[in-house]
Amino acid sequence: MYAQMVKSEATQDDPAKLAAFQARIDAGEKVEPKDWMPEGYRKTLIRQIGQHAHSEIVGQLPEGNWITRAPTLERKAILLAKVQDEAGHGLYLYGAAETLGVSRDEMTEMLLDGRMKYSSIFNYPTLTWADMGAVGWLVDGAAIMNQVPLQRTSFGPYARAMVRICKEESFHQRQGFDIMMKMAGGTPAQRRMAQNALDRFWFPALMMFGPSDKDSVHSAQSMAWKIKMNTNDELRQKFVDQTVPQAEYLGLTVPDDTLAWNEAKGGYDFAEPDWAEFFDVLKGNGPCNVDRLEARNKAWDDGAWVRDALMAHAEKHANREVAAE
Amino acid sequence: MDQQTATFEFLCRMGDNTLVLGHRVSEWCGKAPVLEEDIALANVALDLIGQTQMWLGLAAEVEGAGRTADDLAMLRDVWDFRSALLVEQPNGDFGQTLMRQYLFDQWHVAVLTALMESADPRVADIAAKSVKEARYHVERSADLVIRLGDGTEESHGRMQAALDKLWPFFGELFDDDPVDAAMAEAGIAPLPSGLRADVDQEVAAVMAQATLVIPADRFAHRGGKTGIRHSEHLGHMLTQMQWLQRAYPGATW
């Protein structure tokens, strides 16, 4: 999931309208942009979809870090295709958020000045080629856990965007796993790189689901609105249960001494990530927060003359057409 | 020069151009002025890398020395590269990247169109696949050169500076040498000089719409396509592009 700790807004709408709205959601109807919706629903969705979109955009950076060092032409092509998909996901998601009454430029500004967040995971550095495998396998794998159920989310444009995104994300995950297989079955140095990548990405991947939300009222509201489909803990458990056998298949060791199969619950017991680190990263103290935001700000500032010129050209052109009539 | 050597050289020129330019364009990842351009740049880079796989794959086959496309891309040093000087020029600002792309695209479409008639069906086949992408590339790059050239005062200034800077690297694409002569004689590829008149006409039309002035001086830097004298930039690019293959020899990825 690329949205973490999305606060849901309390809502002060007419109780009768709210009840009717809830009945539609409970009946499994999709809410469309022109339909009436509670202000809280709109604002929460803007935050959540925006955070997801920003994650796709910032997420280009840790992978772009390796495009120019990809070891073969095929790997370079696959990585380029993946990053292109991610920019495309950003585009659909900004489009979905725009139907809620906020422009892409406004959301971009909020990302650049820190008012809106992106997923904590992209504040971790990609240090070896195996990280391209780990990002696909673990990060895209964790994202899919939440995005698959979101295909059934109540807001129509978001659900439809998620259908397209999920198809591409599962392809990305397979590509990541393929890199891991090559590395884990490769030379001793490659195996070391693969283990090292798992060591560094395991807990940050678990953090992607956000802290335990069993006591959170915000989470309960989002779940009632079908903006959030599962609790963070459910998804994290599912992710661990899916990923541990894959790590075993690769011959890699999950960096958790407490990891053990629990027959009674039919899942693994595992260690919680360091939540203090998670909150530090959210506050801006992750290893790459400053670099990531600087890179996005620089791209935006350096590109201002291009955006201005395209607008100016379009206006000139429109004026010339008017003059010619 | 025997025909096998000449054909290998020619194929390396085609593949190294797309490799080096594709790599340069990929350096933009996540840094474009607008999201649509992030997508377009990745798409262009992806097309060029795909074409590289075909050209260098055929080059390796023609050479018959057991090398692969990846060996050619990742294990040759600067002096064995046959890319034109234009494509190894650094990205500069978005205007410079776009101008480099446009000048290359306009030549690329012309050469690929001619290569569709190649006497070597393998060459004709790669050209037929590539030209569809190249036509889209030139449509986009010409459109952006026009809009940025005839945009604001600042964008006009930047685009004119980009044209002035890159123009001396354009002429090399149309140089003839013994490799080209051998290719033309065998009917494999056209003489580059024969493409210039038509390409010049297209460039003049685009620059006129972009309100940009083509430099009068036809001086051209040379040495990229022959490999005799590349720019200093290429070596730095290779240190990055080839690093993993060089640092971990013999590994498969």
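Q: Which residues lie nearest the centre of the second largest pocket?
A: This is a predicted model, where local features need pLDDT of at least 70, side-chain atom pairs count only at pLDDT 80 or more, and totals for chains, interfaces and linings use all residues. Residues are numbered from 1 along each chain as written, chains are lettered from A and ligands numbered from 1 in written order, and side-chain values use heavy atoms, without hydrogens and water. The second largest pocket is lined by 22 residues. Nearest its centre lie Arg104(A), Asp105(A), Trp300(A), Arg307(A) and Val34(B).

Q: What counts as a pocket or a cavity, and what is the volume of the second largest pocket?
A: On a 1 Å grid over the protein atoms alone, a cavity is a set of points where a 1.4 Å probe fits but cannot get out; a pocket is an open set with protein on both sides within 12 Å along at least five of seven lines; lining residues have an atom within 4 Å of a point. Grid points join across faces, edges and corners, and a volume is the space filled by probe spheres set on the points. For the second largest pocket that gives about 440 Å³.

Q: Which element gives the most to the lining of the second largest pocket?
A: Helices here are DSSP runs (H or I, at least four residues), numbered from the N terminus. Elements giving two or more residues include α12 (289-302) of chain A and α2 (35-63) of chain B. The most, five residues, come from α5(A).

Q: How many residues of the lining of the second largest pocket are charged?
A: Asp, Glu, Lys and Arg count as charged; Ala, Val, Leu, Ile, Met, Phe, Trp, Tyr, Cys and Pro as nonpolar; the others, Gly among them, as polar. Twelve residues are nonpolar and one is polar. The charged ones number nine.

Q: What is the volume of the largest pocket?
A: Its lining has 32 residues, with Gln4(A) and Gln51(A) among the closest to the centre. α2(A) gives the most, five residues. The volume is about 750 Å³.

Q: Which helix gives the most to the lining of the largest cavity?
A: The largest cavity has a volume of about 190 Å³. Its lining holds 17 residues, Phe10(B) and Trp107(B) being among those nearest the centre. With four residues, the main giver is α1(B).

Q: Is Ala181(B) buried, partly exposed or exposed?
A: Ala181(B) sits in helix α8 of chain B. Buried means under 20% relative accessible area, exposed over 50%, and partly exposed in between (1.4 Å probe, protein chains only). At 38%, Ala181(B) is partly exposed.
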